[in-house]
Amino acid sequence: MATPHQQTSSATLPAAQPQAGYLRLEGIVKRFGALTVVDGVLLDIPQGAFVTLLGPSGCGKTTLLRIIAGFYEPDGGTIQLDGKRIDHLPSHQRGTAMVFQDYALFPHMTVGDNVGYGLRLAGAAQADIKRRVAGTLEFVGLAGLADRWPNQLSGGQQQRVALARALIVEPKVLLLDEPLSNLDANLRERMRWELRALQQRLNITFLYVTHDQAEALAMSDWIAVMSGGRIEQWGTPQEVYNRPRTPSVANFIGAANLRPARVLEKNGATVRIELYDHALSMPAPATPVGDEVLLCIRPEAIKIGIAAPDRAQVSLAGTVTRSAFLGSLIRYWVQIGNEEWVVDQSDPGAETIPYEGDVTLAFDPARVHLIS
Ligand SMILES: Nc1ncnc2c1ncn2[C@@H]1O[C@H](COP(=O)(O)OP(=O)(O)OP(=O)(O)O)[C@@H](O)[C@H]1O
Ligand SMILES: [Mg+2]
């Protein structure tokens, strides 16, 4: 049975499927003029999950979030939340709230008025609004700042105000559009954990948009990798990183050595593949294999040295063309024949002199992922 996560064969379903059906998008299409920006998106998000839409700039992430929030009308498809069609409802009746990339705080309103905006819109009583604004500001760590103006806050504080303004309406689904992208690296990392902890504490379903793969891997229960208006893969962070289904997913999530290779033999559960002059035996993937496959080998799975380590079953001779010291690792670019390999040497320490010239690359075939 095909599930709504999958746009292709059900044979490639990830091992663990979430229980489906809380936020369901079926066949969502959005065109701007001749351009199809969202191209038949199917998503099925479980209640209480932290789901990240990850994809390159321009792939349609913001557009999809705006469609769910009710700011854009789709050209096709349906949206259900908690068993109810919501795509015909106005934004404030959908049970969703959105945190915008640029925060979109109202500059002419105090922090307190910004946060209370949704409650005023819903006609809540003044005293109730005041109490809940104070409580929500305290919750996001901004107690006492209700009378400040947005331009008197740091970027991180503005981000929390935007979050408080969305949370106060107690949404069933919180939509977050790259909320951390304006923050410095340290604050961004801290806010990742804070957001994740907040989501778990409130048990709200989060749909989080980013093009930062580290952010997606660190925070999510599930990642939907988006490309060209479509969902290319749905899976846990481990699945999308270790078993990318397409070359674009492999390339987008981390660095990948993608090598075309010839299939020598298919024998039920295993395939034998020729890579240069090595024959590798590997478990056959779920989908049928043609005569040519693509091998995906992550840079950290490869050892670089002068001689091959004992345990490696594949070793390849190459030449270092350049290297970069990145603190916790050295990244090498190594030429083998006409192909360039990317290899990471972790924890080089202070004394390591980077390899130059002729080297040996070695890896265990178990670390090779096959894209059929
Ligand atoms: N209102 C609009 N009118 C016309 N084209 C639009 C409109 N909004 C977005 N687009 C186009 O739709 C495509 C997808 O845009 P979208 O903002 O959804 O991308 P994104 O994945 O959020 O990218 P980013 O990571 O850069 O924010 C882009 O090619 C964009 O130029
Ligand atoms: Mg965007």
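Predicted model: local features only at pLDDT ≥ 70, side-chain atom pairs only at ≥ 80, totals over all residues.
## Who sits around ligand 1?

Let's start with the ligand. A shell of 13 residues surrounds ligand 1, and the closest are S57, G58, K61, T62 and T63. Helix α1, which covers residues 61–69, is the top contributor, giving three residues to the shell.

## Polar contacts with the ligand

Now zoom in on some oxygen atoms of ligand 1. S57 uses a polar side-chain atom, found 2.5 Å from an oxygen of the ligand. T62 also brings its side chain, with an N or O atom 2.8 Å from a ligand oxygen. G60 works through its backbone instead: one of its backbone N or O atoms lies 3.0 Å from an oxygen of ligand 1.

How much of ligand 1 does the protein bury? On its own, the ligand exposes 640 Å², and the protein buries 62% of that.

## Two salt bridges on helix α5

Moving on to charged pairs: the whole structure has 18 salt bridges. One of them joins D212 to R192, with the closest N and O atoms 3.9 Å apart. D212 is in the loop between β8 (205–210) and α6 (213–219), while R192 is in helix α5 (residues 185–202), so this pair ties together parts 20 residues apart in sequence. R192 is buried, at a relative accessible area of 10%.

Helix α5 also holds R196, whose partner D221 lies in the loop between α6 and β9 (222–227), so here the parts tied together are 25 residues apart in sequence. Is R196 buried or exposed? R196 is buried, with a relative accessible area of 13%. D221, on the other hand, is partly exposed at 27%.

K266 and D291 meet through their side chains in another salt bridge, 3.7 Å from N to O. Since K266 lies in strand β11 (residues 257–267) and D291 in the loop between β13 (278–283) and β14 (292–297), the pair ties together parts that are 25 residues apart in sequence. What about exposure? K266 has a relative accessibility of 47%, so K266 counts as partly exposed. D291 has a relative accessible area of 53%, which makes D291 exposed.

Salt bridges can also link up: R24, E26 and D44 are joined in a network of them.

Methods: Residues numbered from 1 in each chain as written. Chains lettered and ligands numbered in written order. Heavy atoms only, no water. Near = heavy atom within 4 Å. Polar contact = N/O pair within 3.5 Å; in protein donor to acceptor, adjacent residues only side chain to side chain. Areas by Shrake-Rupley, 256 points an atom, 1.4 Å probe, with all protein chains shown as cover. Helix = DSSP H or I, 4+ residues; strand = E, 2+ residues; numbered from the N terminus. Salt bridge = Lys/Arg side-chain N within 4 Å of Asp/Glu carboxyl O. Buried < 20%, exposed > 50% of the residue type's maximum accessible area, 1.4 Å probe, protein only.
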